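Have the sequence and the coordinates at hand while reading.

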Amino acid sequence: MGPTLPGFANVHSHAFQRLLRGSVQSREPGRADTFWTWRERMYALAQRMDVADLEAAARQCYTECRSAGYTAIGEFHYLHHRPDGERYADPVATSRAMLRAARQADVRIALLWTVYHRGGFGGAALGPRQRRFGTAQLDDVWRALDALAGAVDGRTSRLGLAIHSVRAVPEGWLGPLAEGARGRGLPIHAHVSEQRVEVETCVATHGVSPVGLLAREGVLGPDFTAVHATWLSDADIAALAASGSRVCLCPTTEGDLGDGVPRTAELYAAGVELCIGSDSHAVIDPFSELRFAEYQARAATESRCVLADAGSGEVAPVLRRIGSANGYEALGLTAAGDRVHLDARAPALVGVTDAPSAALMGGHPGLVQKVTLGP
Ligand SMILES: [Zn+2]
């Protein structure tokens with residue numbers, strides 16, 4: 001038997017964005033390209049997709065994920081309604097499509113049903129291209145989750161709740177959403193402090209950072225995962241650590257979007273459990289995701305072996321935990337023996353003494369011979 005690794009968990013996915021790959025790598029002459037200009041192109045894509053398009057894109061995306069070594073997906077799903085914002089006859093039709101796509105691709109999925117209520121801080125209305133994301137009232141969240149309860153088996157598929165961001169969800173909803181999710185045993189995820197301007201506007205509006213606001217409203221906790229968490233203060237890191245919250249880094253997407261450099265070394269030193277996601281799917285490669293996280297931390301601290309085990313000093317066991325166990329926990333899924341089988345005869349592994357370690361720091365999806373899911 002060849003070398004194996006535990007199956008990787010792709011904790012943060014927007015499957016439809018996979019269709020943007022390669023088509024958003026240019027900027028208008030004389031104009032800076034940023035997260036916000038990218039978002040306009042992403043919205044234009046979202047406008048063109050109906051239920052069947054979303055399902056086909058997700059099936060293809062998850063199939064690619066599986067072939068790269070991901071065995072579990074966290075789908076942060078907010079395309080709920082028709083492109084014009086009208087409801088489908090089945091209000092959770094697109095969520096069901098995501099669950100079907102995962103079943104067809106044979107990956108585990110946590111469908112993180114995402115709440116998106118407004119266009120920005122201060123109660124701005126949803127823009128025309130955001131209407132299909134919208135949740136008009138809190139009760140709609142529980143109605144949707146109740147409607148989906150029978151569509152998941154708890155083993156290969158389950159539900160979770162996502163708060164899109166503190167931009168898109170009003171302050172007064174945060175506490176009730178967290179309480180309702182906890183009452184139902186659902187993991188809670190949110191985009192947090194991905195862009196510097198989000199932090200600045202949150203401080204100007206609420207007097208605290210996004211992490212501070214989530215802490216104040218009782219959202220943080222061991223069942224909470226902050227996605228990105230790029231622009232954090234020391235107090236934010238302390239609050240995440242004290243509450244037992246996790247952070248999901250999306251290094252290739254954050255690199256693609258120019259989000260900034262996360263404070264990975266400080267988060268790890270504070271004891272915050274990390275996990276990974278391929279988010280926009282600019283790249284689907286858990287090896288790159290993990291390596292990039294470690295390399296960014298090295299560049300930021302001008303030192304080597306940052307995400308290293310406190311006892312042995314080894315990097316590989318920590319990357320393995322970040323890539324797998326931490327991610328499964330963030331999604332509320334059980335790995336049940338999911339494995340990635342590596343091709344021991346691949347040129348990249350010739351002459352190495354510790355193939356799993358070599359794969360984690362020098363590997364790529366081409367080394368994945370097959371993936372097996374446990375019961
Ligand atoms: Zn995202």
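**The parallel sheet**

The model is predicted.

At one end of the order, strand 2 pairs with strand 3 (residues 70–77) in the parallel sense, over four bridges. F8 has Y70 of strand 3 as its bridge partner.

An open sheet of three strands has antiparallel pairing and the order 1-10-11. Strand 1 (4–6) and strand 11 (368–372) stand at its edges. Both have a single partner strand, so one side of each is without a neighbour in the sheet. The twist from one strand to the next averages 25 degrees. Strand 1 pairs with strand 10 (residues 339–342) over three bridges, in the antiparallel sense. T4 is bridged to H341 in strand 10.

**Two helix pairs**

Two packed helices are described by the angle between their axes and the distance between the axes. Helix 12 takes part in both pairs below.

| Helix pair | Angle between axes | Axis distance |
|---|---|---|
| Helix 12 and helix 14 | about 70 degrees | 9 Å |
| Helix 11 and helix 12 | roughly 120 degrees | within 10 Å |

Helix 11 is thus oblique to helix 12. Their crossing is right-handed. P286, L290 and E294 of helix 11 make the contact with L319, I322 and G323 of helix 12. By class, this contact of helix 11 with helix 12 has four nonpolar, one polar and one charged residues.

Helix 12 and helix 14 (residues 355–362) are roughly perpendicular to each other. The crossing of helix 12 and helix 14 is left-handed. On the helix 12 side, the contact residues are A316, L319 and R320. They meet P356, S357, L360 and M361 in helix 14. The contact of helix 12 with helix 14 has five nonpolar, one polar and one charged residues by class.

**Two residues with positive phi**

Most residues other than glycine have a negative phi. A229 has a positive phi, near 50 degrees. A229 sits in the loop between strand 7 (224–228) and helix 8 (234–243). Is A229 buried or exposed? A229 counts as buried, because it has 28 C-beta neighbours inside 10 Å, and the cut-off for burial is 20 or more.

C305 also has a positive phi near 50 degrees. C305 is in the loop between helix 11 (286–301) and helix 12 (316–323). With 13 C-beta neighbours inside 10 Å, C305 counts as partly exposed.

Methods: Residues are numbered from 1 along each chain as its sequence is written. This is a predicted model: local features need pLDDT of at least 70, side-chain atom pairs count only at pLDDT 80 or more; totals for chains, interfaces and linings use all residues. Two strands pair if DSSP finds at least two bridges between them. Axes are lines fitted to C-alpha atoms, for helices over the stretch in contact, and angles run from 0 to 180 degrees between N-to-C directions. A residue is buried if 20 or more other C-beta atoms lie within 10 Å of its own, exposed if 12 or fewer, and partly exposed in between; C-beta atoms are placed from the backbone. Angles under 35 degrees count as roughly parallel, over 145 as roughly antiparallel, 65 to 115 as roughly perpendicular and the rest as oblique. A crossing is left-handed if the near helix is turned anticlockwise from the far one by less than a right angle, and right-handed if clockwise. Two residues are in contact if their C-beta atoms, placed from the backbone, lie within 7 Å. Ala, Val, Leu, Ile, Met, Phe, Trp, Tyr, Cys and Pro count as nonpolar, Asp, Glu, Lys and Arg as charged, and the others, Gly among them, as polar.
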